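Here is a short briefing for a first look. Please have the sequence and the model open as you read.

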Amino acid sequence: MILWEQFDTNEIYILVMLVIVYSALFLSPKKLPRYLTIFFLVWGFTISSLFDFTIGGGLMDFYKVNDSNQYELFDFIMFFLFAPFSYFFVYFYKRLNIHPRRFAFILYIIGWSLLGLATERISTLMKVTDYQKGYHIYYSMVVFLIVQTTTALYYELIKKQERNQ
């Protein structure tokens, strides 16, 4: 692993975004128990690294993160950006009282997936992500739909188990 090839726009963007999302995380009213907060922070980190290593790297290698195809320190630091998004997904899911059997569930998943596409587009403009091998940003919509749906259903499973105890 190298630190970075060049310290420029993409590294500065990642640092600024880390300050913004973690400030929002620590300053927002606490609506989730501590264990769920930690759980969904870890969940976001894990899911993002899983998809990044399967789609972005490895055999597929559909995109380059930061300045090179080599693994950089800021590739790792970037995974910490995804953790608060997972937390906020569940935070607003609970706050808005989304129910999995209602139409609002589908709208909520689509809305967060579109937000994911928007943030991916911004990261592309900031040279954090650079697509390769014909990959298009809209292919990421499938990934976001899978991740958001899985996260919501996992949260529902946790709620169900808590009610049954």
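**Briefing**

The backbone oxygen of Val 19 sits 2.6 Å from a polar atom in the Ser 23 side chain. This is a predicted model: local features need pLDDT of at least 70, side-chain atom pairs count only at pLDDT 80 or more, and totals for chains, interfaces and linings use all residues. Residues are numbered from 1 along each chain as its sequence is written, and side-chain values use heavy atoms, leaving out hydrogens and water.

**Ser 23**
- Ser 23 belongs to helix H1. Helices here are DSSP runs of H or I with at least four residues, and strands are runs of E with at least two, numbered from the N terminus.
- Ser 23 is partly exposed, at a relative accessible area of 33%. Buried means under 20%, exposed over 50%, and partly exposed in between (1.4 Å probe, protein chains only).

**Helix H2**
- H2 covers residues 34–56, which makes 23 residues.
- Its buried residues include Phe 40, Trp 43 and Ile 47.
- The buried residues of H2 pack against helix H1 (9–27), strand S1 (63–65), helix H3 (73–95) and helix H5 (140–164).
- Gly 58 follows H2, and its phi is positive, near 65°.

**Core**
- The largest nonpolar core has 39 residues; among those touching the most other members are Ile 14, Phe 40 and Leu 81. Such a core is a set of buried Ala, Val, Leu, Ile, Met, Phe, Trp, Tyr and Cys residues joined through side-chain atoms within 4.5 Å.
- H3 gives the most to this core, with 11 residues.
- Leaving aside neighbours within four places in sequence, Leu 81 is in contact (heavy atoms within 4.5 Å) with Ile 14, Met 17, Leu 18 and Val 21.

Terms used:
The expected span of a helix is 1.5 Å times one less than its number of residues. A polar contact is a pair of N or O atoms within 3.5 Å; within protein, one must be able to donate a hydrogen and the other to accept it, and residues adjacent in sequence count only if both atoms are side-chain atoms.
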